[in-house]
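Good morning, everyone, and thank you for coming.

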Amino acid sequence: MSKCRVAIIGAGAAGLCAARHILARPKTFASPVVYEQTEHVGGTWFYEDCVETSDSGRRFHSSMYRNLRTNLPKEVMMFPDLPFEVHLPSFLPHQDVQNYLERYCKHFEITPHIKFTTAVAEVKPITMEMGGKTTQAWEVTSCDKYGTQNTDTFDSVMICTGHYSDPHIPPIPGLEYFKGKVMHSHSYRYPEPFAGQSVIVFGAGASGIDISIELQQAKAQVTLSHAKPMLTFPLPQGILQTPPLTRVLEDGRVQFLGGFLATAEVLIFCTGYNFRFPFLNPDELQLSIRDHLVAPLYRFILPPAFPSLFFIGVCKSICPFPHFHCQIFTDSAVLWPQVQFALAVLDGEVNLPSQEEMEQEVQNFVDRKTALGVLERHLLRMESEQWSYYQSLADSGGFSPLPPVIQSLYEEVARQRKKHPQNYRNANYRLVTDTQWESFKKTH
């Protein structure tokens with residue numbers, strides 16, 4: 001029996017996790033081929049000052065800004081089979097996460113299987129005759145930095161490209177009249193160029209709040225505009241909260257909900273990202289790919305019509321590295337549900353329902369969320385539902401779920417983030433048992 005050949009698109013955290021666990025099953029899987037369009041691993045964690053496009057016109061830069069520190073502790077973020085270095089603080093500068101991913105890649109000898117500076121141009125389903133049976137396969141066409149195209153055939157494809165590369169700018173009537181600088185947080189790197197300027201930050205998610213605080217500390221006049229209820233936790237003095245901006249007038253002034261008008265020199269959109277898979281033909285795959293939604297995906301992973309194609313990590317508001325791990329199944333000793341589940345499907349350890357049953361399960365989920373008033377753009381936000389999701393993947397795939405301590409610490413940090421947005425990262429934690437964590441004061 002021939003071994004299963006898997007293509008992995010992207011060498012960020014999800015792609016490295018997928019490759020590591022495929023390599024751990026040499027009796028079942030051939031060595032993976034990892035396509036990475038840049039010269040390095042790490043995906044969104046690789047920081048670079050430059051935000052310009054390459055000579056080929058491709059946008060390669062990540063969304064990382066210079067002073068970013070993680071908003072989750074390393075004890076929750078880590079891959080369970082390779083902890084972060086003990087001496088590091090719980091909340092890490094992005095450089096430490098990048099170093100960790102490079103160490104993970106080296107430790108599990110993934111690098112020889114990565115095709116760097118190679119972009120995937122097309123992923124196409126095909127049928128093949130093997131032993132009198134018709135099987136589903138995939139043609140992957142790629143292009144290297146010299147323009148050389150290559151097409152290879154695989155039994156499965158794992159899409160691990162993340163969702164932080166195509167900035168979403170909502171339609172704001174009259175935006176073309178704004179007389180200052182308009183940008184997205186994707187291109188923000190550091191606050192010094194904005195010192196002394198009036199800046200409107202639109203969006204109060206993690207990046208919107210972080211960037212607002214940075215700008216205020218650099219002596220910018222900051223307006224934080226958002227559609228959430230008024231934030232009640234303490235923000236630095238000098239950050240003005242307003243309702244969402246609704247339009248830009250012809251004279252360049254910005255109007256907010258309620259009619260309030262203001263002028264500004266800079267407008268920074270911290271409004272998230274669109275899903276973008278230019279190498280796929282959604283109609284051919286019976287998929288709908290819109291700005292904030294990919295559907296239908298059974299268990300948020302695979303299209304029911306093509307169950308050997310896997311989207312790893314499309315969900316939002318999650319505990320990311322453990323989330324990927326649970327989607328790619330390897331064995332019961334490790335804990336990453338999405339990777340675990342995907343490999344269990346390919347291994348035959350999970351018997352999938354029929355296409356119709358999978359589609360119905362997805363539709364039931366959408367109907368339930370819609371009835372609760374959840375907007376389409378928020379359907380892939382998991383938040384508190386991620387824990388039952390991981391449990392369901394573990395139950396289906398026959399592997400161990402995440403230990404309860406991960407959820408407990410994740411939720412504690414979320415509470416502290418709301419109470420103390422400026423200094424919650426000063427805390428340090430350690431995991432004591434599968435159910436217990438403790439905080440401690442780090443000595444240098």
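This is a predicted model: local features need pLDDT of at least 70, side-chain atom pairs count only at pLDDT 80 or more; totals for chains, interfaces and linings use all residues.

A search of the whole structure finds 22 aromatic pairs. One of these joins Tyr65 and Tyr188, which lie edge-to-face, 5.7 Å centre to centre and with 70° between the planes. Because Tyr65 lies in the loop between strand S2 and helix H2, while Tyr188 lies in the loop between strand S8 and strand S9, the pair ties together parts that are 123 residues apart in sequence. Both Tyr65 and Tyr188 are buried. The rings of Phe277 and Phe279 have centres 6.3 Å apart and planes at 70°, so that pair is edge-to-face too.

Let us now turn to the helix. Helix H7 runs over residues 355–371, and its 17 residues should span 24 Å at 1.5 Å a residue, which agrees with the 24 Å between its end C-alpha atoms. Which residues of H7 are buried? They are Met358, Val362, Phe365 and Lys369, and, seen down the axis of H7, the buried residues fall within an arc of 55°, so they line one face of the helix. An α-helix has 3.6 residues a turn, so residues three or four places apart point the same way. On the other side of H7, Glu356, Glu357 and Ala371 are exposed.

Finally, Phe365 also belongs to an aromatic cluster with Phe300, Trp387, Tyr389, Tyr390 and Tyr410.

Conventions: Residues are numbered from 1 along each chain as its sequence is written. Side-chain values use heavy atoms; hydrogens and water are left out. Helices (H or I, at least four residues) and strands (E, at least two) are DSSP runs, numbered from the N terminus. The expected span of a helix is 1.5 Å times one less than its number of residues. Buried means under 20% relative accessible area, exposed over 50%, partly exposed in between (1.4 Å probe, protein chains only). The arc is that of the directions from the helix axis to the C-beta atoms. Rings of Phe, Tyr and Trp (its six-membered ring) pair if their centres lie within 6.5 Å; planes under 30 degrees apart count as stacked, over 60 as edge-to-face and the rest as tilted.
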